[in-house]
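Here is a short briefing on salt bridges. Look at the sequence and the structure before reading on.

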Amino acid sequence: MQRRERDGDAAVPWGQARAAGGLIAGDLRRLDLAQVDLLAAVRAAAGVLVVLVVGLLAGSPASAVSAAAGAFSVGIASFQGVYATRVRATLLTSAGMAVSTLVGATAVRSEWLAVPVTALWAFAAGLAVALGPAATVIGLQCGVALLIAGDYPMTTSEAVSRAALVGLGGLVQTTLVVLVWPLRMYGAERASVAAAYRALAAYADDSTHSAEPLLPDVATLQQASVTVGDTNPFARDLTRARFRALVDLAERVRSELTALSLARRRAVAEGRYGEAGRADLGLHAAADRLRRLADAIDPVAARRSSRRWRRAAPGGAQPADAPLDRVADADGLPTGAGVALSALAGHLRAAGRTVERLHGNEPAAGSPEPAFALADSRPSRSGARPALIDAEAVLTVRANLTLRSESFRHALRLAAVLAVASVLYRIVPLERGYWVALTALVVLRPDFTTTLTRGVSRTAGTAVGAAAATLLAAELRPGQAVLAGLVAGCALAAYTFFQASQPAFATFLTGYIVFLLALVGLPSAGAGWDRLVDTAVGGLLALVAYLAWPTWEGHRVADKLADVLEAQGRYGRQVLSAYAAPVGRGVAPLRTGLVAARLARTEAEASVDRLVTEPARERFPAAAASAAVAAVQRYAQAVLALHARLGDAQRHEPVVEAEALGEQLEAVLGELAATLREGTVTRVTLDRLRTAAAGLERAVVDRPERALLTVEVEEVVEAVEAVAHAVAQAS
């Protein structure tokens, strides 16, 4: 396959430089207030302050510093997960940091063991990326504990004591995490489910003025599914079930909105503007209803935006449903839009009844609880990262022990960099040289773009934080009480900006470290300059290491696109097989296929986004990659529309010809995926797929109730043709 630049690609060298500069500038300016969780930041900062004050009152600043270090890092881990997963993350971080502190204080102090042990810890931290964000944070904090402990001389008994204090600080944070659960009962569920409904409302509005295939936001719905599936021991089973029902209904609404959007786009393309206008009315009405449902689910957010929940009218009917019902019942709508609107109105009425029950207001008698159809009562394992420690996690790690794995290559690269950094600051007269390794550990990431932006953000933030905090501590010489307040203030600010702004987080993190270490010895005025130099060296070392052994997106994007084609092919076949044999077929396989296809699609889209910013000499054609992603989005929209109509399949005779079409669909997409993986110029014929589609059309020509099926299948076939054309562009 041709991997060189083509005329018209956006990623020419000057364009790459501008794109990279734009990413760096955007990361430096970024302040995402939506990512700020002030209550969680206060809780985590309180954990740091508690152990710090207790240690200082006990007359042992060194013990206070050790416990606070553990509490701070575990506080970072406490932003991962929701309930049981959050506690597991904090406990594993506490244990991992305690062990790392003990090893760092003993083995890393040895000239013979320092480099291999540091490399081993770095390799484990790099490989943890394969297990997801929580494991990545845990691995990073364990590496930080190892490096910091290795820079301070202590006896074996002192090392054991310090490790115990680090673990104790982490346990205090874990205790605070559990204690706040009853104070914020169902807060996480309300926020995540409401966010999913607001995202669906935005999708409905966007669909009214787009001629291109659109798909709803994936992240919010997946986060809602993960949140309501997490175990909260204080939650009532019935309330949790109702949140799960709302997520299930959101999945159904998502499918119906996609089907309606597709029907609208088809009507516009065929010049049926009156029908498209009525579809627009339905989409706007659904968007309004979804927003008010979101306000009802999360009243706190509703009060912030000055919107109020309107109580149900007598008889359980919601007044705001009426416009949508009128549009759904109107004559003259296209078949696809009419069916989608009718189903959409029903799902939104069910969601309204569920919200009423959630608030303790039972609807009128005879209003049933919504039944699960697209999802069961547990979160799908296919949509989430593997658990931190279980059989699946072990299998995931084993599967990534190959040079084909980007996580494995990242682990090797990180181990090599930290080994070099460990040698460097031992042979070069760098004051506080462990900051070199520490910076490289934090900066280096599996992809070039994140490594570049994080390196600049980290260096900029550290420069500001180190200069300001060191000068303040060195010049003003504050006492213990003032230093404790400064530590707590910097910790609070660092937690606040942890997910909102990398430069701000790095600034206050550096200030926290400077003030914390000042408790056991006030720094000199030159210490800030030393830390800045070490940070710059560490960041540069990480970037040079990536450039020396890169993992360019241009070499990975073909595999990512192949993955999404294979996943979408399996999902499409599962949907069509359900039409062929609807009776007795469970929803779990469809749910698994849906989430797997969704995950593969989002990863492919992210890969293409990174492609245009990397300075690789040999590249996958960016224009072809973008065209392939657009074609996959069109295909996914069409299959989701088929999925949405599966409820009708239970009421009609099966269409056995759909099985053959599903087989050909999976086969064709599999052949296209193989073409991408092998880099060969192969012409994939679509004749078999078209023949199977024609056979299905003939089978249902005398069955009016199946007329919509042929329309949706035609859209699927056209989308596959678009995918084949995009793959041919890259050949």
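Predicted model: local features only at pLDDT ≥ 70, side-chain atom pairs only at ≥ 80, totals over all residues.

Residues are numbered from 1 along each chain as its sequence is written, and side-chain values use heavy atoms, with hydrogens and water left out.

**Count and network**
- The count is 25 salt bridges, each a side-chain nitrogen of Lys or Arg within 4 Å of a carboxyl oxygen of Asp or Glu.
- A network of salt bridges links E406, E553, R556, K560 and R610.

**Bridges between helices**
- E715 and R265 form a salt bridge at 3.4 Å, N to O.
- E715 lies in helix α28 (residues 707-729) and R265 in helix α10 (residues 237-269), so the pair ties together parts 450 residues apart in sequence.
- Helices here are DSSP runs (H or I, at least four residues), numbered from the N terminus.
- Both E715 and R265 are buried (under 20% relative accessible area; exposed is over 50%, partly exposed in between; 1.4 Å probe, protein chains only).
- R573 and E663 also meet in a salt bridge, at 3.5 Å, N to O.
- R573 is in helix α22 (residues 553-580) and E663 in helix α26 (residues 657-678), 90 residues apart.
- R573 is partly exposed at 28% relative accessible area, and E663 is partly exposed at 36%.

**Bridge within a helix**
- D687 pairs with R690 in a salt bridge, with the closest N and O atoms 3.3 Å apart.
- D687 and R690 are 3 residues apart in helix α27 (residues 687-699), so about one helical turn separates them.
- D687 is partly exposed at 48% relative accessible area, and R690 is partly exposed at 38%.

Technical notes. Helix = DSSP H or I, 4+ residues; strand = E, 2+ residues; numbered from the N terminus.
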